[in-house]
Amino acid sequence: MKTDTPRPIYLRDYRPPNFLIKSVNLDFKLDAAATKVRSRLKVRHNPKSQVHNAPLILDGENLKLDAVILDGNTLTRSQYRLTKTSLTIPETPIKPFTLEIHTTIDPSQNKSLQGLYRSRGVFCTQCEAQGFRRITYFLDRPDVLSTYTVRLEADPKEAPVLLSNGNRLERGTSDRGERHYAVWHDPHPKPCYLFALVAGDLSSIAADFKTASGSDVGLTIYVEHGKEERVAWAMDSLKRSMRWDEKRFGREYDLEVFNIVAVSDFNMGAMENKGLNIFNDRLVLASPETATDTTFEAIESVVAHEYFHNWTGNRITCRDWFQLCLKEGLTVYRDQEFSADERSRVVQRISDVRQLKAHQFPEDSGPLAHPVRPESYIEINNFYTATVYEKGAEIVRMIATILGAEAFRSGMDLYFERHDGEAATIEQFLECFAEVSGRDLSQFALWYSQSGTPHVECRTSYDKRARTYSLTLKQTTPQTPGQQQKNPMHIPVRIGLLGPDGHDLPLTTDAGDALLDDIIHLRQPSQTITFTDVPARPVPSVLREFSAPVHLEVELSEKDLAFLLANDSDAFNRWQAANTYAMRTMVAMVEALSRGKRSSRGTGFAKALSAALVDDNLDWAFRAELMRLPSQSDVATEIGQNVDHTFIYRAHRQLTRLIARRLEDQLAAIHDTLKESGPFSPDAANAGKRAARNAALQLLASLGSKTAINRTADQYFNASNMTEAAHALNLLAASNSPQRRTALDHFYQRWHEDHVVIDTWFVAQAQSPRNNALDVVRALTRHERFDITAPNKVRALIGNFALMNPVQFNRPDGKGYEFLVEQILAIDRFNPQIAARLLNAMRSWRALEPKRRKLARNALTKITKHPDPSRDVHEIVLRILDE
Ligand code: PHE
Ligand code: ZN
């Protein structure tokens with residue numbers, strides 16, 4: 001191991017800090033290879049500390065310590081202790097004292113992208129979760145809040161822009177113009193993970209914002225020179241986010257400036273540093289020619305997400321890292337609601353649920369399952385997961401569902417008022433909602449501590465003579481690592497009953513508070529609700545709006561599914577019916593193929609889909625969602641055991657082609673009539689048309705016919721925007737047509753100098769299901785535009801191959817697994833966070849059929865045999881193998 005044998009950290013061991021740091025003065029002399037950092041801290045003993053005479057233990061990693069000065073006296077070597085990860089001062093004054101620490105760091109060698117590093121020549125920082133300790137010795141924990149004053153000094157030619165958190169106090173030159181400096185002050189006390197600085201040669205776009213109460217805020221987005229034209233959408237998204245948070249949650253911005261900086265090398269999407277958000281540049285830069293609608297949408301939501309953190313995360317932060325979902329789940333909920341308000345609510349919900357089922361459900365049913373609030377961790381970076389984020393957001397959504405909009409808002413208001421300026425816990429958050437609503441949320445709180453996706457089974461029976469209809473809901477939660485026993489949860493199940501005419505029947509029952517409005521509050525292992533005065537057997541619409549993150553099983557015939565798809569007043573469940581129908585059909589196809597047969601199913605689904613596609617009451621974005629079949633990975637998750645990706649690939653193709661053949665004219669007409677006319681607009685309605693057009697093309701292209709390929713190539717070569725071009729490129733790259741090479745070469749010629757856009761070219765090849773995909777991907781790792789130290793490149797090529805190309809990654813000879821492990825070990829030497837994330841692609845290895853399972857296990861074992869894995873990779877591989 002690179003570090004000492006990693007020990008788990010437990011939530012139950014939480015103790016308040018022994019010391020508090022009131023203020024931090026940082027002074028940076030920026031230099032690529034030797035940056036000098038001077039930190040002056042106002043420290044005092046914490047009156048709430050439970051320990052008497054505790055030594056002061058500061059965290060630090062990869063630092064060169066130059067001096068320690070306590071109240072003006074330089075400490076001698078015997079007055080402190082130094083380890084690879086800490087600086088201990090055994091004796092400190094009883095009264096508040098000043099501690100000055102001088103360190104030297106080397107940003108140019110930092111490829112872990114945590115702490116201070118350089119991204120294409122720009123100095124930048126990433127401190128969440130524990131990067132600040134790579135800058136200076138500090139109490140690197142989120143419950144230590146301090147006010148920061150930061151002085152940055154650099155070469156004005158190399159770094160004309162000097163930024164840090166808060167407002168700028170002054171700037172000037174020194175050394176007869178050889179150096180320049182800026183001083184920033186952030187009046188809001190914050191934990192060190194929210195500290196940031198940026199220094200570099202950047203271009204900027206500025207705008208103004210007036211808050212609801214009349215304060216002026218200067219908004220600036222900093223990007224690489226030459227990219228100014230691609231900033232407008234991010235700026236627009238920022239302004240709309242600021243306005244939305246005022247209207248929907250009554251939250252205003254609280255500094256004179258708000259800065260966003262786009263950097264190229266970044267481990268995650270973006271970071272909410274107070275007043276100085278730092279973004280992965282692919283989530284800032286967008287123009288119609290360079291970015292797809294999906295990217296426009298992602299930019300809008302991530303800009304909103306980071307902005308919303310200003311209140312949920314920064315003003316109220318987390319007491320400890322176990323409470324990560326307190327800021328992340330809540331902020332994801334907020335950004336999802338923002339997108340729903342700005343676009344189509346139902347399409348947003350469909351896309352959030354798709355995401356949840358594609359990433360969180362498999363996580364929750366595999367070896368990496370953990371509670372939304374984990375109880376222990378070895379490496380906190382491994383817990384920025386779909387469970388903490390997405391399931392965390394679902395929990396907040398359920399609170400809103402159970403309480404209703406008004407009480408939910410009151411609970412949020414109370415939370416902001418009561419905990420502003422504090423580091424809070426999940427208990428404190430829940431208490432606010434319990435208090436305003438008078439509800440008992442103690443059973444509900446299990447959602448935070450119990451891992452695993454609950455299964456809800458719904459059985460129905462109709463009594464014609466008594467005119468009663470009963471729904472019996474049964475819940476079980478499967479075992480997960482470390483949790484054998486599960487308790488029944490409080491699950492809000494929104495329902496409706498469709499009469500024969502397709503309209504909702506009134507819900508009359510004497511169920512008491514088990515049914516409130518249209519929500520069944522399932523709290524017992526099993527509950528039956530009986531509806532009275534039901535004139536005919538209804539079709540149940542269960543879990544409307546996906547009101548809880550559960551696996552639902554309802555007995556519905558194909559006829560029922562087609563009926564729901566055509567009639568349900570809940571648009572989400574119309575989509576759900578289509579999705580379930582398609583999934584069932586594909587699973588039947590896989591089953592047949594694995595018995596050497598060919599299923600004759602599929603026409604029923606094709607007919608139902610065809611009927612829905614002509615419904616002009618449905619907007620195009622929604623119809624596009626109907627045309628998008630469950631992915632091969634979704635099918636693999638659904639099957640759950642003995643997974644053979646070859647059969648899944650073939651079944652997927654079988655259904656896709658069947659639909660394309662049956663609906664060929666209809667799909668071609670959609671593709672023709674939705675052709676863009678007029679200038680590009682990224683708004684939801686226009687994006688919806690492009691999505692429908694692309695979805696239709698995708699179905700058609702599966703035919704592989706000359707007509708279909710020509711249609712695809714035509715879209716590629718005549719595209720007036722990247723949404724059309726990239727989609728057609730993906731389809732051509734997956735084909736065996738002569739246009740495949742021409743299109744890829746054309747794209748390369750056009751974009752090879754653009755390090756953001758060229759990733760699209762890597763993605764198209766990584767995802768191609770052609771048989772030589774692995775060789776192509778391997779060759780591309782040596783391509784001059786590839787860079788293994790740049791996370792976006794790694795994700796585009798290696799990540800997409802492992803996650804989005806199931807049939808080629810899961811080759812029967814196991815070579816895909818070997819390749820991935822090889823790459824992971826190479827990356828782990830300099831960027832453990834990215835290496836550990838890639839390893840996620842192997843988490844479902846136990847669900848594979850025996851031959852692949854063995855090969856996957858062999859590949860994984862190679863990592864355990866490696867003498868020197870990072871703590872990140874070590875923890876994940878142990879959990880995946882369950883050893
Ligand atoms: N806190 C960031 C977000 O979700 C994510 C992040 C975590 C970024 C850790 C960098 C490092 O908004
Ligand atoms: Zn976040």
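**Ligand surroundings**

Ligand 1 has 13 residues around it, of which Glu-128, Glu-272, Glu-306, Glu-328 and Tyr-389 come nearest; a residue is near if one of its heavy atoms lies within 4 Å. By class, this shell holds 5 nonpolar, 3 polar and 5 charged residues. The elements β20 (270–271), α2 (293–308) and α3 (324–342) each supply at least two residues of the shell.

**Basis of the model**

This is a predicted model, in which local features need pLDDT of at least 70 and side-chain atom pairs count only at pLDDT 80 or more, while totals for chains, interfaces and linings use all residues. Side-chain values use heavy atoms, without hydrogens and water.

**Polar contacts of the ligand**

Polar contacts are pairs of N or O atoms within 3.5 Å. An oxygen atom of ligand 1 lies 2.6 Å from a polar side-chain atom of Tyr-389. For His-309, the distance from a polar side-chain atom to an oxygen atom of ligand 1 is 3.4 Å, and for an N or O atom in the side chain of His-305 it is 3.3 Å. The protein covers 96% of the 330 Å² of accessible area that ligand 1 has on its own (Shrake-Rupley method, 1.4 Å probe).

**Charges over rings**

A charge sits over a ring if NZ of Lys or CZ of Arg is within 6 Å of the ring centre and within 35 degrees of the ring normal. The charged end of Arg-623 is placed over the ring of Trp-620, 3.6 Å from its centre. Arg-251 lies over the face of Trp-311, 4.6 Å from the ring centre.

Definitions and conventions
Residues are numbered from 1 along each chain as its sequence is written. Chains are lettered from A and ligands numbered from 1 in the order in which they are written. A polar contact is a pair of N or O atoms within 3.5 Å; within protein, one must be able to donate a hydrogen and the other to accept it, and residues adjacent in sequence count only if both atoms are side-chain atoms. Helices (H or I, at least four residues) and strands (E, at least two) are DSSP runs, numbered from the N terminus. Ala, Val, Leu, Ile, Met, Phe, Trp, Tyr, Cys and Pro count as nonpolar, Asp, Glu, Lys and Arg as charged, and the others, Gly among them, as polar.
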